[in-house]
Amino acid sequence: MGEQNPGGAKKTAKGTKVTAAKKSAAKRTTTGRSARAEAADELTASAEAVGGKGAAEESAAGKGAAGKRAAVKKAAASGQEAASGRAAGAPGVTGRAPKPESRTALVRRARRIDRELAAVYPYAHPELDFENSFQLLVATVLSAQTTDLRVNQTTPGLFAKYPTPEDLAVANPEEVEEILRPCGFFRAKTRSVIGLSKALVEEFGGEVPGRLEDLVKLPGVGRKTAFVVLGNAFGRPGITVDTHFQRLVRRWRWTEETEPDKIEAAVGALFPKSDWTMLSHHVIWHGRRICHARKPACGACPIAPLCPAFGEGETDPEKAKKLLKYEKGGFPGQRLKPPQAYLDAGGIPAPPLGAA
Ligand code: SF4
């Protein structure tokens, strides 16, 4: 039975309006992108608005180290607002299951994160001291399972005694082992650096080859090492999937892959090739300084609003600040001879071996 009261006609008109709105919403959902994807985009856009724009712009404006610190502080403060997971794909305030993020939104968010990190670390660079491709190759092999600082403290002695592949190829292994002892795994590393030096002399005329397929044939050289050398000694784009890179890209939900080769391919597909080398530095620097394995300093993180993992670490800004490492926490970087851009930005070189 229909309604008999005088308001009946009005109610019907209102009902028609609601039905039309519902239909139009349904149409949008079925014909265009899914409502969930749109919601994910909106979340991303809102995160971008809340997010590190200030950090990026302040740093880009060239305000120096103080400006960058302020940017980190500002972004960290806004990061608190992201505690409920503003980034797409993060659990929302309602506690509902994470919404899927569209491919487009993921690419936009990933590139946004890289831009923010580039603003925070405009001077990012390889943290191994080197003067030529041979030194970088050897230093990268030595850096497995130890810090770049330890390698930087060790290589001056090694290269003073064996400056070229020809010298190291004919070195006495026991003498090299003694020099490399502080780097750990010194016997295996000695075998690798002598072996790769021999291969360079015998197969490449004493020169480091500039091709991936040649580099990975050298003893102790995998794709990660090869990309470090290609990217930083030859200017050829490469993604360096080290332990920091693996941890961070998974926290950011850039990929669910766990094998380095697959991570490399998945992340590489989100960025233009020309960005790969610097992207690797930005991610690794962030992993070393702020987004640590055990206690990420979320409350002091410039990309908190874009990060689905915000809250995995300390969210209180004051407590988070104490977790910062290297120059952002008042400690030096890892290079004994850092690039000028790093020094100009207020970075501090590592202390020489034996210094307090
Ligand atoms: S998990 Fe890492 S990247 Fe994400 S907010 Fe925390 S410190 Fe930042």
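1. Basis. This is a predicted model: local features need pLDDT of at least 70, side-chain atom pairs count only at pLDDT 80 or more, and totals for chains, interfaces and linings use all residues. Residues are numbered from 1 along each chain as its sequence is written. Helices (H or I, at least four residues) are DSSP runs, numbered from the N terminus.

2. Ligand shell. The ligand is surrounded by 14 residues. The closest are Cys291, Pro296, Cys298, Cys301 and Cys307. A residue counts as near if its C-beta atom, placed from the backbone, lies within 6 Å of the molecule. The shell holds 11 nonpolar, 1 polar and 2 charged residues. Here Ala, Val, Leu, Ile, Met, Phe, Trp, Tyr, Cys and Pro count as nonpolar, Asp, Glu, Lys and Arg as charged, and the others, Gly among them, as polar.

3. Record. An unreviewed UniProt entry lists Cys291, Cys298, Cys301 and Cys307 under "binding site". They are spread over 17 residues of sequence but cluster in space, with a largest C-alpha distance of 10.9 Å. UniProt positions are given in the numbering used here, feature names are shortened, and annotations may be inferred rather than shown by experiment. Cys291 sits in the loop between helix 15 (276-289) and helix 16 (317-321).

4. Helix 13 with helix 15. The axes of helix 13 (residues 243-251) and helix 15 come within 8 Å and cross at roughly 90 degrees. Axes are lines fitted to C-alpha atoms, for helices over the stretch in contact, and angles run from 0 to 180 degrees between N-to-C directions. The two helices are therefore roughly perpendicular (65 to 115 degrees; over 145 counts as roughly antiparallel). On helix 13, the contact includes His244, Phe245 and Arg247; on helix 15, Ser280, Val283 and Ile284 are among the residues. Contact means C-beta atoms, placed from the backbone, within 7 Å. The residues divide into 5 nonpolar, 4 polar and 2 charged.

5. Helix 6 with helix 10. Helix 6 (residues 133-142) and helix 10 (residues 186-204) pack at about 160 degrees, their axes 10 Å apart. They are therefore roughly antiparallel. Leu137, Val138, Val141 and Leu142 of helix 6 meet Lys189, Ser192, Val193 and Leu196 of helix 10. That contact has 6 nonpolar, 1 polar and 1 charged residue.

6. Helix 6 with helix 12. The axes of helix 6 and helix 12 (residues 223-233) come within 9 Å and cross at roughly 150 degrees. That makes helix 6 roughly antiparallel to helix 12. Ser133, Leu136, Leu137, Thr140 and Val141 of helix 6 meet Thr225, Val228, Val229, Asn232 and Ala233 of helix 12. This contact has 6 nonpolar, 4 polar and no charged residues.

Conventions: Parallel < 35°, antiparallel > 145°, perpendicular 65-115°, else oblique. Contact = placed C-beta atoms within 7 Å.
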